[in-house]
Amino acid sequence: MAALNIENVWKKYGNVIALRDVNLDIRDGEFVVLVGPSGCGKSTLLSIIAGLEDTSHGTLTLGEIDVTDLSPKDRNIALVFQSYALYPTMTVRQNITFGMENRKVPKAEQDKAVADVAKLLQIEPLLDRKPGQLSGGQRQRVAMGRALVRDPQLFLFDEPLSNLDAKLRVEMRTEMKKLHKRLGQTIVYVTHDQVEAMTLSDRIVVINDGVVQQFADPDTIYQKPANMFVAGFMGSPSMNFIDVEVTGRARAITAVHRGDGADIDFPFGATREELAPYIGKTITLGVRPEHFRPAGEAGLTLTVNVDVVEPTGPDTMVVFSVAGKSLVGVLNAKFRPEEDDDVTLSLSLDEACFFDTEGVRIRGLAE
Ligand SMILES: Nc1ncnc2c1ncn2[C@@H]1O[C@H](COP(=O)(O)OP(=O)(O)OP(=O)(O)O)[C@@H](O)[C@H]1O
Ligand SMILES: [Mg+2]
């Protein structure tokens, strides 16, 4: 296993700039997840790490070695893609040993390696089957087995669970996590699935338009997003953004949303001294859907008009409006208002975020 250092990496395809000055310091044994919208550069970054694509500029260091100009086979990196591309005519055992056969690894050593990964991945009963006789999740495990027998310096996964059904995804997610705990490999893992990103990673890289927006642990990404992009991208449904004017004076601050026919006052008093420099200015207040609670709990009381009610099973998602502003709340499953009802909610402001006119989060004084 090894640390991976990515320094000032750019990638251009003709006029398209796929990566802009990417800098990431990935620690030995770390599980790093890359997330971002379609086309933001995730697969490009993996291809560059693997050596399948050249960088337009920048360096990659794996362990102590500069691998920027090394061919993929000299980097000792294992890749597992979304489409596992197992050889259909070979058995599971042959699929796993194929690379070792090519490298002329002695038979006894091959058998030992297969036995070890088969036990680890619980595919022992499947070794003599062909890929066509396996389920999607089983094929996924075989592909991982093939990568694992190589004992690489680094694992790269590009959306490996994306074509599995919901239940298998959750099972395989747990398997991935256990495997990483046991073997401690360095992993860079691309996913569209936020829950996968939050649960698997030691740290998450959020990318937009080829630019790294934030590289931090999941709690920091969720609670202290670097900017409005990260705040809006992570979390489903998305964070609510509300334009507010900061009024009052230091230690007696109210943020006021100038709504249709009425204002909404968000009283912060002395709790958010970082707002003092913004008095008289308009900024953006960010509140997560789960910060809305049933009336009676601590927080700001708001009377809202219900537009849409969507029970999801464990929760109820409610779209409502207040002073002409449409907001989304996620409340307890028992909360089932009727559409067009006026209901009272509490909004906890403790974890509210603020963003300046550039969309950068305004940091607390203690940060
Ligand atoms: N070979 C190529 N030639 C030209 N442009 C490319 C090439 N490969 C990727 N791109 C462009 O580079 C950008 C990044 O693509 P990339 O495949 O890395 O996105 P991604 O984040 O993996 O997206 P997705 O989530 O859809 O898989 C896109 O604008 C894409 O169109
Ligand atoms: Mg991709």
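The aromatic pairs in this predicted model number 8. Two rings of Phe, Tyr or Trp (its six-membered ring) pair if their centres lie within 6.5 Å; planes under 30 degrees apart count as stacked, over 60 as edge-to-face and the rest as tilted.

One of these pairs joins Y87 and F98: the ring centres are 4.8 Å apart and the planes stand at 50°, so the pair is tilted. Y87 belongs to the loop between β6 (77-80) and α2 (92-102), whereas F98 is in helix α2, 11 residues apart. Helices (H or I, at least four residues) and strands (E, at least two) are DSSP runs, numbered from the N terminus. Y87 is partly exposed, at 34% relative accessible area, and F98 is partly exposed as well, at 29%. Buried means under 20% relative accessible area, exposed over 50%, and partly exposed in between (1.4 Å probe, protein chains only).

I turn to F292 and F320. Their ring centres are 5.0 Å apart with planes at 80°, so this pair is edge-to-face. Because F292 lies in strand β15 (residues 292-294) and F320 in strand β17 (residues 315-322), the pair ties together parts 28 residues apart in sequence. F292 is buried, at 2% relative accessible area, and F320 is buried at 0%.

Ring pairs also link F31, F155, F157 and Y189 into a cluster.

A note on conventions. Residues are numbered from 1 along each chain as its sequence is written, and side-chain values use heavy atoms, leaving out hydrogens and water. Local features need pLDDT of at least 70, and side-chain atom pairs count only at pLDDT 80 or more.

Definitions and conventions:
Chains lettered and ligands numbered in written order.
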